[in-house]
Amino acid sequence: MFKSTAKLWMLCVASVLAMQAGAQQKSVIFKNGFDSDADLKKWALIYGTKAVAEQARTGTGALLVEEGEASVRSRVNLNEQGTLEFWIKTSSPATQYTINVLVATNQNIDNGWVQVGQIKGSNDSTEYHAKRISIDDPGKKYLRLDFEIANGQVWIDDLSVEKILLDTALQKNQEKVIAEVLGKLRDDKNYQVQADALRTLGKNYAAQIDVQRQYLEYANGIYSSVTLVLATSERGKMANPLGYHTFKGIVSDVRMVASPIQKSRMESLLKPLGDIATASLNVMTQGAYQAFAEPFKTIVATTFDRVSYENAGVDRKARKFAEANGLKTFAKAEGFLGEVEKELNMVVALDKDLMDIQREVDKFRKDLDKHLKESLIAGGMGRGQENYNRVLSKDETIRAAALQEINNYFLLQAESYQNHSSSNTEFVQFMMKATGTMEETQVFKERFNQIASSVITFYDKFDRSVAKEQNPFTSETDRALWESHAVKVRTYIQESKAAFAKAYM
C-alpha cells in the first residue's frame, strides 16, 4: 500500500514539475563548499569569518561567521551574475542575521561596490536553511557578502551562483532600459531619440509581461505539487503504530487477557488508525495520536491489573501470563508509543512547513495575478478577461500575438510623441507608469526566490527526516520495517527534488 501510493504521488508530482521543465535552463557560474584549500583560495576573508571543519552541511567544511560584523569577497572573477544560493545555519533560533550582497568590477578596492540585495532574518531551528537572491548586474564581476550577526554565530555552506535563462531580457536589460529612457527624457530633447527609447521600452515591457506569466505558471505548478503532498502525506503513515511488530504484539497480549468490554474499547481506539488485520494504514496526525495514546495506555494498565484479569473470564494460562508480564507489557507500550511520538513530531513539523509554503505560494499567486492585470491595463490591453486569457494561453502563437499588441501600443505612443501630438506632461506620466510597473515586477522575482528557498529547505529537511540515524525504534524488527519504508521515501524525494530544480531553478 505504502509503495504503490507513494509511487503514484511521486509520478504525479514529477509530471506537474516536468510540464514546466522545458522553460528554463541553468548553468553554474560559481560554486564553493568551503571544503578544500582550492575552495578557500577563491575567497578573501576580510574580517569576522574563518573556515572550519565542523558544522558542515555537506563535505568537510563550512564558513563560520562570528557575532558582530564580518565580510568576505570572492577572489574569482565571475564571468556573469545570476542567482546566488547558499545554505545558512544559526547557533540558535534567537540568532539574527543581515547579509548585504554587493558586486564590483574590482575586488581589491573599498569603494565602487554596489549593493544588489539583502537577506535578513532568523531560522526557526538550528538546521541549515536555503537562501536565494538575484544579483543581476552583468557589469559587475566580483561578489562581496557583508554580515551583521546578533545573538550568536552562523555558518555558511554550499554557496553557488547560477545563470538562469528564465527571464533573460528582463534581468539583463530592464534596469538599463529604464535608466536610459528616463535619462534621455531628462537630458535629450530630440524627439526622435526619445521616441526610439520608448520603442525599446515597449519590447522590454512586453517581455516582462511574459515573465509574469511564467512565474504565475510556476507558482501554480508548485501549489499543485504542495497540495498533492499534503493530500497523500505518505510520510505520515510511517508514524502509524499499526504498522509495527511491537505494537501488534502488545495488542495481541491485551486481547489475551482483556474482558469483552475492554476488547471493544481497544478496537474502537484502533479503528481510526486503520485495519491491523490487513495492514491498511491511515495517516497519523497529531490529533489522532493524542486521542489514542493515553486511552490506549490506560487500557493496557487496567487490563493487566489483577482485579481486572481475574474477573475477565479468561483461562488460567491467560491469567498466569498477565501476572508474569503485566508490568513488562505496560513498559513496552509506553516506550514504543514514545518512539512513535518522536517520529510523529518529525512528520508534524514537515506538514507545518508544507502548509506554510502553501500559504506563501497562494499569496504570491494572488498578488501576481493582480499585478499582471494592472500591467496589461498599463500596456494598453484594457481590463477584459479575454485579453488576460490570451496572455496566459498555452498556445504560443496566441500569446505572441497578445504581446505584439502591447509592443504595438508602445509604438503608437512613440509615433504620437514623435509627431508632437501628445503633451510632454502626458508622455512623462505614461513613461513613469510603464517603468514603475516594470520595477514592481522585480519584487515578484525576489519573492519567487524566497519560495524556491523554502521548498528546497523543505526537501532537505524531508530527506534528513528519513536518514538512517533518525530511526526512532529500538526493536530490530521495527527498525527494519521503518528502514524499508525510508529507503523508498529517500528515492522518491530525490526524484521530486531533481524535478523541482529542473523546472523552477
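Arg390 is buried, with a relative accessible area of 18%; buried means under 20%, exposed over 50%, and partly exposed in between (1.4 Å probe, protein chains only). Its salt-bridge partner is Glu405, with the closest N and O atoms 2.5 Å apart. This is a predicted model: local features need pLDDT of at least 70, side-chain atom pairs count only at pLDDT 80 or more, and totals for chains, interfaces and linings use all residues. Residues are numbered from 1 along each chain as its sequence is written, and side-chain values use heavy atoms, with hydrogens and water left out.

**Salt bridges**

- The whole structure holds 24 salt bridges, each being a side-chain nitrogen of Lys or Arg within 4 Å of a carboxyl oxygen of Asp or Glu.
- Side chains of opposite charge can pair when their charged atoms come close.
- Arg390 and Glu405 form one of these bridges. The pair links distant parts of the chain, with Arg390 in helix α11 (residues 385-391) and Glu405 in helix α12 (residues 396-418), 15 residues apart. Helices (H or I, at least four residues) and strands (E, at least two) are DSSP runs, numbered from the N terminus.
- Glu405 has 38% relative accessibility, so it counts as partly exposed.
- Salt bridges with shared partners join Arg57, Glu127, Asp158, Asp460 and Arg464 into one network.
- Glu85 bridges to Arg132, with the closest N and O atoms 2.6 Å apart. Here the link runs between strands: Glu85 is in β6 (residues 83-90) and Arg132 in β9 (residues 129-134), 47 residues apart.
- Glu85 counts as buried at 10% relative accessibility. Arg132 is buried too, at 5%.
- Lys373 and Asp369 meet in a salt bridge at 3.3 Å, N to O. Both lie in helix α10 (residues 316-378), and they are 4 residues apart, so about one helical turn separates them.
- Lys373 is partly exposed, with a relative accessible area of 35%.

**Charges over rings**

- A charge sits over a ring if NZ of Lys or CZ of Arg is within 6 Å of the ring centre and within 35 degrees of the ring normal.
- Lys373 lies over the face of Tyr388, at 5.0 Å from the ring centre.
- Arg57 lies over the face of Trp87, at 3.6 Å from the ring centre. Arg57 also belongs to the salt-bridge network.

**Aromatic pairs**

- Rings of Phe, Tyr and Trp (its six-membered ring) pair if their centres lie within 6.5 Å; planes under 30 degrees apart count as stacked, over 60 as edge-to-face and the rest as tilted.
- The count comes to 18 aromatic pairs.
- Tyr218 and Phe448 have ring centres 6.2 Å apart and planes at 50°, so the pair is tilted. It links distant parts of the chain: Tyr218 in helix α4 (residues 191-232) and Phe448 in helix α13 (residues 424-465), 230 residues apart.
- Tyr218 is buried, with a relative accessible area of 1%. Phe448 counts as buried at 3%.
- Phe247 and Phe296 also form a tilted pair, because their planes stand at 40°, with ring centres 5.1 Å apart.
- Phe247 lies in helix α6 (residues 245-257) and Phe296 in helix α8 (residues 286-303), so the pair ties together parts 49 residues apart in sequence. Both Phe247 and Phe296 are buried.
- Ring pairs link Phe247 and Phe296 with Tyr244, Phe292, Phe336 and Phe473 into a cluster.
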